[in-house]
Amino acid sequence: MAVSAAHAHQRGRPARQRGRPGALRRAVASDHFAGWAFVTPGVVIILLFGAVPIVWSAVMSFQRNNLLSPSTPFVGLANYKQMVHDPIVAQAIQHTLIYTALFVPGTMVVGLFLAVAMNRKIRFISFYRTAAYATMAISTISEAIVFIWLFDPSYGVVNYFFSLVGIPQQQFLNSPSEALYVIVAMTIWGWTGFSVVIYLAALQGIPQTLLEAASIDGAGPWRAFRRITLPLLSPASLFLAVWLTINALQLFDEVYLSTQGGPLNATTVLVYYLYNQAFQQFNFGYASAIAYFLFLVIIVVTVIQFRVGKRFTYYRS
Amino acid sequence: MTKHRRRGTTAVLLTALTAATVALAGCGSDSGGGNAASSGPIQIWEGFTGTEAKTFSHLVSEYEAQHPGQKVSSLYVNNDDTLQKVLTAVRGGSPPDIAYLYGSWAPNVAEIPQVVDLTQVVKQPGVDWNDFWTGERAVATVNGKVIGIPALVDNLAVVYNKTLFAKAHLAVPGPNWTWQQFVADAQKLTDPAIKQFGTAYVTPGTEDTVWHWEALLWEAGGQLLSADNKTAAFDSAAGLTSLETLRTMAVTDKSMYLDPTDSAYGNLFNSGKIGMLVTGPWDLSSFPNVHYGVQIMPSYPGSSGGHQTISGPDNWVIFNNGSAHVSAAEQFLLWLTAPAQVKYFSLQTGDLPTRQSVAQQASVSTQMNAALPGVSTFVANLGNVEQARPQIPQYPKISQILGTMIVSVLLGQSQPQAALASAAQQVNQALAG
């Protein structure tokens, strides 16, 4: 019946026609029916593996549930209340925000710089572009291992360069005050290829005529970049900001592979803590509550980004 | 020092996994009892790779040949993920008949209603339960109930670089050595100019960080918890001694390489950058480039603890899929863990024998050592496993508190006494809550 209802509605017919004999037959005969019939298996699978878990974890967030024993008593808002008093949640939120605040602009700036540098006709340009994108193709585990060695306090090449220029030796992943920044560097490197590709595509969509006109009017390259290129890149920037933020708030892999949340919880971000609670401490109810909190944060941040972004975004028709 | 190499898991995959778990949990009916009449092969989930996998499948086909009508079908599951998958399967009403599960999960596994109680089974004549090592039996038993049969055993000992000892004009460690000697040797083996360290310690603050320290605590004569597992007992003179030992090396002497990633120390040892490692037999095969020796862990003179070590045994656990399957699964496991099969498995793979009677055969130890030098010390060291970690569901939480305590001392962020007091208070809270 949902099919015929959707059909009737789409054709703009009065709702009362739905009940009439023949409506069903017309619905079955229409193109919409075939369309729905084709997508139904996919929709069912998406609902089963997408929507059902979403609902189920919402239910679990109100339960004390370790998935082991069959007893899953409802505890109301206890899991959510526990978050307020959990010092590690507060730390995880702080780490997640610091990380996001550094990672998102960092990736965008580095990506923009490289994209502008590569948006010209020079020799071996395809090689450079491929190289920039290669960071996306490299698996996170290799990336993490390479960064662990680069930033090793005793044997790492970073400390070696520091020693050459007289900067004191750093502890990096061994230091609670530095480990998070190493993760920031690691992930900016990993995501740069993505932002390069987006910016490069957007740069190629900027009409050359505009830049030429500006230059005839006496604008220097910096001014043309500031006044023409950057505003015309704003839809790409908004997309990147939203996309990278959502990914930043869900940081997990690099933490899991390099520091496992340490040292002393210095790199424990929300998703890592959630994983720890669910799969190491068997607190699935509490972990679900944290997941729902994160979901809420992502929605709020994304809505704000779109609202604020609208003011600075120029869409050419 | 990490026994179980982690695989890369993306958050997406994780979410999908959680999703799948939950979805199946939602759809499936809890049919733990199963159908007693149903036959078919028994399903076994194991995480063997390489030689272990080959040896295991050989044993399975031998069993099938010896027991006409019995079929065993095995499925590879990465050991790290087995519990998650088992939970999914239990909720979906189709758990495997047997699964290989980490010993550290035992108290939590015991809460699953479909887990078969083997207490009476291991008392059967011919099983000779006491032939399994004390540490193994302790980990297979939760609140007096036997929930598994030992599948694998290991322990910690000191692996040292003979070349570095010779260069430093040091006598190699003897079986009666002390922690004082260990600390002094570590200091002499340390040379900042060539970036060489006396020893190493893993500092992600996970259980891998914790169990190394627990061995020291026991050797110093201490206990983690009170006998009734109700209160913390590690805030003691022994606790202080053990933490001070680590602190001296990490903070005062700087003779200890701190590995926050759990993955660097092995390569460094194999490159001749580290003098001594406290680690297990699984690491020996990754040190082909150094001339190494193995010695049991040092002791604290004057302590009642003597030379001890810690073991992380894993279990075979049976799930209830109806009485026919349960008895077939029991029969297979008892055969698999009988002395003849344990001996075959150890000789083929180099894994330590799970039974004392096998380990005590001189020929077994000699043959194993020929294949993997140094492993015989680990075999003998099984006799030094006197205690096990507390078998309580709160252990993961306690482990986390202890991990923070140890790392904060190693990084010089807190003094041992203060760290112990604060950790003890948190553990007491966790035990009470």
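How many helices and strands does chain A have? Chain A has 15 helices and zero strands, where helices (H or I, at least four residues) and strands (E, at least two) are DSSP runs numbered from the N terminus. The model is a predicted one, in which local features need pLDDT of at least 70 and side-chain atom pairs count only at pLDDT 80 or more, while totals for chains, interfaces and linings use all residues. Residues are numbered from 1 along each chain as its sequence is written, and chains are lettered from A and ligands numbered from 1 in the order in which they are written.

The scores of the model are ipTM 0.80 and pTM 0.83. For chain B, pLDDT (the predictor's confidence in each residue, from 0 to 100) averages 89, and 91% of the residues score at least 70. Over residues 1-38 of chain B, pLDDT stays under 50.

Chain A is more spread out than a compact globule, because its radius of gyration is 26 Å, well over the 20 Å that the globule rule gives for 317 residues. The radius is taken over C-alpha atoms, and the rule is 2.2 Å times the number of residues to the power 0.38. Along the principal axes, the C-alpha atoms of chain A fill a box of roughly 85 × 65 × 35 Å. Of the 317 residues of chain A, 34% count as buried; a residue is buried if 20 or more other C-beta atoms lie within 10 Å of its own, exposed if 12 or fewer, and partly exposed in between, with C-beta atoms placed from the backbone.

Where the two chains meet, the contact takes 36 residues from chain A and 36 residues from chain B. Two residues are in contact if their C-beta atoms, placed from the backbone, lie within 7 Å. On the side of chain A that touches chain B, the elements giving two or more residues are helix 3 (31-60), helix 7 (140-150), helix 13 (253-258) and helix 14 (270-280) of chain A. Helix 3 of chain A gives the most, with six residues. By class, this side of chain A has 21 nonpolar, 13 polar and two charged residues. Here Ala, Val, Leu, Ile, Met, Phe, Trp, Tyr, Cys and Pro count as nonpolar, Asp, Glu, Lys and Arg as charged, and the others, Gly among them, as polar.

Chain B contains an open sheet of five strands in the order 2-1-3-12-6, with mixed pairing; two strands pair if DSSP finds at least two bridges between them. The edge strands are strand 2 (72-76) and strand 6 (149-152) of chain B. Strand 1 (residues 42-46) and strand 3 (residues 98-102) of chain B run parallel and are joined by two bridges. Ile44(B) has Ile98(B) as its bridge partner in strand 3 of chain B. Helix 3 (residues 82-91) of chain B lies across strand 1 and strand 3 of chain B, at about 140° to strand 3. Axes are lines fitted to C-alpha atoms, for helices over the stretch in contact, and angles run from 0 to 180 degrees between N-to-C directions. Lys85(B) is in helix 3 of chain B and counts as partly exposed, with 19 C-beta neighbours inside 10 Å.

A further open sheet in chain B has five strands in the order 9-8-10-7-11, again with mixed pairing. Strand 9 (256-259) and strand 11 (292-295) of chain B each have a single partner strand, so one side of each is left without a neighbour in the sheet. Strand 8 (residues 197-202) and strand 9 of chain B pair in the parallel sense over four bridges, and Tyr201(B) stands opposite Leu258(B) in strand 9 of chain B.
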